[in-house]
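I opened my notebook to look up a few things in this structure. Here is what I was looking at.

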Amino acid sequence: MRINKLAPSARIQGRWLCHLEDGTILRVTENEIAAFGLCSGLELSPERLEQVERAAKAAAVRDKALDLLSARPLSRKELVDKLTARPRNQDKEPLADRESAEAAADRLEELGYLNDEAYARMVAEHYAAKGWGPARIRDELYRRGVPRSYWDGALEAMEAPDDAIDAFLQKKLRGADLTDPKSYQRAANALARRGFRWEDIKEGLRRYGGAMEEEF
């Protein structure tokens, strides 16, 4: 197969359009041009053409992965799922198969763009700041596909549950009728929904009650 023309893309910097004699257009990067010695007029054997196509496809998948990670942090599983997701147009194929997506993820991990351990800490800190407890944060880490081996380390970096519970009770019960048991029950239920353990909630209520007694 002969390359009729090789020209830089007018739309994407660093991309080149490789026009083949059968009308096919390959989108390649400077890496493929250098690795395969691509130029206008070059004859490519079927085997060589397949190698170029495979390399160009891998580069496209890596570029897309970088675009996704620059938009927002992702876990490895989230990234691979997005790369292999079927487009809304069901007639089109996914950008990458599982093998290509995993290879792109491997490369980005090597370069430091993808790090599930750091991502787990970031997720835990974000939701702890929102007042979530450990159980609910674990559910979120599971939903995002973060390996379980990183959960404990992420949760250890959080604010101590006692401090988070105390801060919540101070805010929730300020101005409430403290003679009404339902005020405490509502606060306890809210903490439970946020993922705190019942034993920790009870201790928090005990501390809060003791602090109120000291004030008066």
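Predicted model: local features only at pLDDT ≥ 70, side-chain atom pairs only at ≥ 80, totals over all residues.

**Salt bridges**

I started with a network: Arg76, Glu102, Asp106 and Glu109 are linked by salt bridges. The term stands for a side-chain nitrogen of Lys or Arg within 4 Å of a carboxyl oxygen of Asp or Glu. Residues are numbered from 1 along each chain as its sequence is written, and side-chain values use heavy atoms, with hydrogens and water left out.

How many salt bridges does a search of the whole structure find? I got 13.

Next I looked up Asp81. Its side chain meets that of Lys77 in a salt bridge, at 2.7 Å from N to O. They sit 4 residues apart in helix 3, so about one helical turn separates them. (Helices are DSSP runs of H or I with at least four residues, strands are runs of E with at least two, and both are numbered from the N terminus.)

Asp81 also meets Arg98 in a salt bridge, this time at 3.8 Å, N to O. That pair links distant parts of the chain, with Asp81 in helix 3 and Arg98 in helix 4, 17 residues apart.

Are these residues buried or exposed? I noted the cut-offs: buried is under 20% relative accessible area, exposed is over 50%, and partly exposed is in between, using a 1.4 Å probe and protein chains only. Asp81 comes out partly exposed at 29%.

Then I checked Glu140 and Arg144, whose side chains meet in a salt bridge at 2.7 Å, N to O. Both of these residues are buried.

**The core**

Which residues touch the most other members of the largest nonpolar core? I found Leu69, Leu79, Leu83, Leu108 and Leu114, out of 14 residues in that core. Such a core is a set of buried Ala, Val, Leu, Ile, Met, Phe, Trp, Tyr and Cys residues joined through side-chain atoms within 4.5 Å. Helix 2, helix 3 (76-84) and helix 4 (98-111) each supply at least two residues of it. In soluble globular proteins, nonpolar side chains tend to be buried together.

I picked Leu108 and listed its contacts (heavy atoms within 4.5 Å). Leaving aside neighbours within four places in sequence, Leu108 touches Ala65, Leu66, Leu69, Leu79, Tyr113 and Leu114.

I moved on to an open sheet of 3 strands, in the order 1-2-3 with antiparallel pairing. Pairing needs at least two DSSP bridges between two strands. Strand 1 (3-8) and strand 3 (25-29) are the edges, each pairing on one side only. Strand 1 pairs with strand 2 (residues 15-20) over 5 bridges, in the antiparallel sense. One bridge I looked up was Ala7, whose partner in strand 2 is Leu17.

**Further along**

The UniProt record, an unreviewed entry, annotates residues 115-155 as "domain: RecX second three-helical". I kept in mind that UniProt positions are in the numbering used here, feature names are shortened, and annotations may be inferred rather than shown by experiment. In the model this span is 71% helix and 0% strand, and its end C-alpha atoms lie 16 Å apart.

Last, I found Pro181 in helix 9 (residues 181-193). Pro181 counts as exposed, at 60% relative accessibility.
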